[in-house]
Amino acid sequence: MKENIVIIGGGIAGMEAAKQLLCLGYNPIIVEQNDHLGGHVSQWHQLFPDMTPAQDLVRRLGEEISEANIFLETTVSYVNKLKDGYNVMLNNGVNIVCRALLIASGFKLFDATKKEEYGYGVYDRVITNSDLEAWFNGKQDPRIPDKPARVGFVHCVGSRDLKAGNSQCSKVCCVTAIKQAIEVKEKFPDAEIYCFYMDLRLFGKKYEDFYINAQRDFGVHFIRGRVSEVGEAIDGRLQVKAEDTLAGKPLKVTLDMLVLMSGMVCNPQATEIARMIHLDMDDDGFLRSRDNVYSIIESNRPGVFYAGACTGTKTVPETVAEARAAALGIDAYLKSL
Amino acid sequence: MMDFGFSLSKSSTLNLDTADLSLYKKLCELSPDARTCMACGSCSATCTAGPFSGMSVRKVILDLQRGRDVKAMVQGCMLCGKCIMVCPRGINTRNLILNLCKIYDR
Amino acid sequence: MIYQGKQKIWSDYQKEIPDDNWYYVRSCIRQNFFPASEKMFTEITRNVLGKDVYETPFHTTCGGIAYHCDTIPQETVMTIVARQFALMTEAGYENYCPSCITSFGNYAEILETWHEFPELEAKIREDLWKACKREFKKPKYLAHSSDLIYHWRNEIADKARYRLVDKETGEPLKIVEHIGCHYAKMFPHKAVGGAEYPYVLAGMVESWGGQVIDYPERRHCCGYGFRQYHVKANRGYSISNTHKKFESMEPYHPDAIITNCPGCPYFLDRWQYVIAEQTGKTYGRGGYGIPVLTYEELAGIVLGYDPWDLGLQLHQVAVEPLLDKIGIEYDPKAKYLGLNKEDLLRPELPTVLKCC
């Protein structure tokens, strides 16, 4: 009989790890709280830098793990440590005993209503990066005007924001803003697009090319300054204020739509599990890896492994790479017992 | 008008709603690479004329993007071309200044 | 604007406001600017609502104005405040209610500072004892007097003679609410509704039948800014900020502005005259300005007090268009009669801003 490995979270990290564990001859069991696999990626439209359709990735991974055990709409009620493994109790009454456990619970999108000054949930035309992706995917959104003349993107919403409780950079927002700015410009060629940034952190492969494209081919305006406040004008448009830190002057502009680049915070589910089996939490609110250089996929408890954004903000390729590493890590760990 | 000894102060806010970008757009037609400036400032740091005349290619581009006039700054350029050598984005800055002069001369 | 979104935020910023037994302290300047407002507060709370609101003539300034003008250090302000608390303690009260917004902010800041730095509180207790042999308990509850009127807004609405509606059309009046900076910006959680979308005045307006105007510059300071105004050379900044607010609210054609700070109504009112003289522009209908009222004045209006007993004749901007719109009865000839019906003479009329 094949050995059970419980994977908490059926996003791309959990799916990729399941795929690798199947190849290695294990029986991966995915516990996913939603009614579908793929996590945040399944809600996304296209992925930078190649504009890969997000659904393709999720579909492909889904096909590759057809032999895995998958519990949808299921959460972990309790985990306790046994002498040589873990007992995982699910809310559907199923109990699984395993020697290795993979946490792949990912991130939660920062709740943009917490940045009250941006008026998400109050003003009619303020949306988030995630709302925009849903709209790209065909979901109706009355907040998006038919023919916007000016659209703004606010970087670092809830990221690099100690007051919001998040010191971390969410890594993907800069390039996502540029990607979405280009996509919006393609949909509305006459619109002027403004990106309000503090730094542009375009570290990944092809990201900088994306930035140059946005400037050169799409005429996206980049304004270095964090939006300080947004007000709704009488016609529903948004009056946005920022400091143009390059000009050293305050700047204002009236926009038809504002997109907030909500950052990543740790999924509260991970925090809950960490409490049950005494996993260390980092001061950024994510799970703490054994170390952040060589052992990102390892926890402080034997047999508990991590993959993806449960330990910090991650891109899709980083998440997939970690999931593979975690599968190998689990295999090596079990063989060493 | 009554003199109160004080009056409304002029706001320093850059208002993009009313900014006239026609000059910038004309420049971009002649020098499309102007759009790729990332405001690193190497052009200004290396500028021969800048410290004495107030010329700064970085500021020229930024001011145009904000709808401000840059004629006085451009007149401070000595067209030596040192800025072309340092621009990491390969913007032909000297040509950009010449194009601006052409637009102003029209 | 998504009203439910604001309600969600308001629900995050609620404060406990005891229903009775308040120790009330007045503002340094309000009685000069809006002479009936504080009188109206005690009148409404004691005689209309039957609450115990106590005050003593022995209280002084809280020192906030000097602190914010950078003329006295915070430790001096703290000792003044400690004495105020001692007076409250001696009178047997635990709920402290300042009438001034800067005072409210000052008290909140000091209580928070003492909470973080107890050794400083101990030092101030010692200083107070050395200075005047007094001791004090810290207030159990701190609420601004607008918090109290907010708390009792529905009781006031129940007893109201008028509602904030246009008597001709039945439409709610459009009211701009302006919150003093020191009410919520420093400690949003000590304010009703928080700092971004304060509810303290909006709640009164809604309860009394009006409609709140939310305009882009709602958060902006009135422009008073203490040293911006106090130094004549800086008054250009002061009036420019006021001007910015009026330009932003202009498209909404507000019927009135309600405020909860000593300085804001004064500057929003008087600067309309100066702006009109300097630019030729007025913001009300037909060359009038937009009337600016304190929340006590507005409460007095809906409760049916005589506008001239509310001191509305001391406003620069004529309030008559607002009174007429609501359908309030008043005697125009009595506008400039003093308490003993003595003629107070007429003020000189501005050249641009239309006044009655």
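Predicted model: local features only at pLDDT ≥ 70, side-chain atom pairs only at ≥ 80, totals over all residues.
Residues are numbered from 1 along each chain as its sequence is written, chains are lettered from A and ligands numbered from 1 in the order in which they are written, and side-chain values use heavy atoms, with hydrogens and water left out.

Let me begin with the interface, where 21 residues of chain A are in contact with 18 residues of chain B, contact meaning heavy atoms within 4.5 Å. The two chains bury about 1,800 Å² between them, 52% of it on carbon and sulfur atoms; buried area here is the accessible area, taken with a 1.4 Å probe, that two parts lose on being put together, summed over both. On the side of chain A, the residues that lose the most area to chain B are A:Gln215, A:Leu246 and A:Lys252, together 29% of what that side buries.

Four salt bridges are found across this interface, a salt bridge being a side-chain nitrogen of Lys or Arg within 4 Å of a carboxyl oxygen of Asp or Glu. B:Arg89 forms a salt bridge with A:Glu208, and their closest N and O atoms are 2.7 Å apart.

Turning to the whole structure, the search finds 57 salt bridges over all chains. Within chain A, A:Glu318 forms one with A:Lys171, with the closest N and O atoms 3.0 Å apart. A:Glu318 lies in helix H8 (residues 316-336) and A:Lys171 in the loop between strand E12 (150-157) and helix H5 (173-187), so the pair ties together parts of chain A that are 147 residues apart in sequence; helices (H or I, at least four residues) and strands (E, at least two) are DSSP runs, numbered from the N terminus.

In chain C, the side chains of C:Asp214 and C:Lys6 meet in a salt bridge at 2.8 Å, N to O, and these partners are 208 residues apart. Both C:Asp214 and C:Lys6 are buried, where buried means under 20% relative accessible area, exposed over 50%, and partly exposed in between, with a 1.4 Å probe and protein chains only. Salt bridges that share partners join these two residues into one network with others, including A:Glu229, A:Lys241 and C:Glu196.
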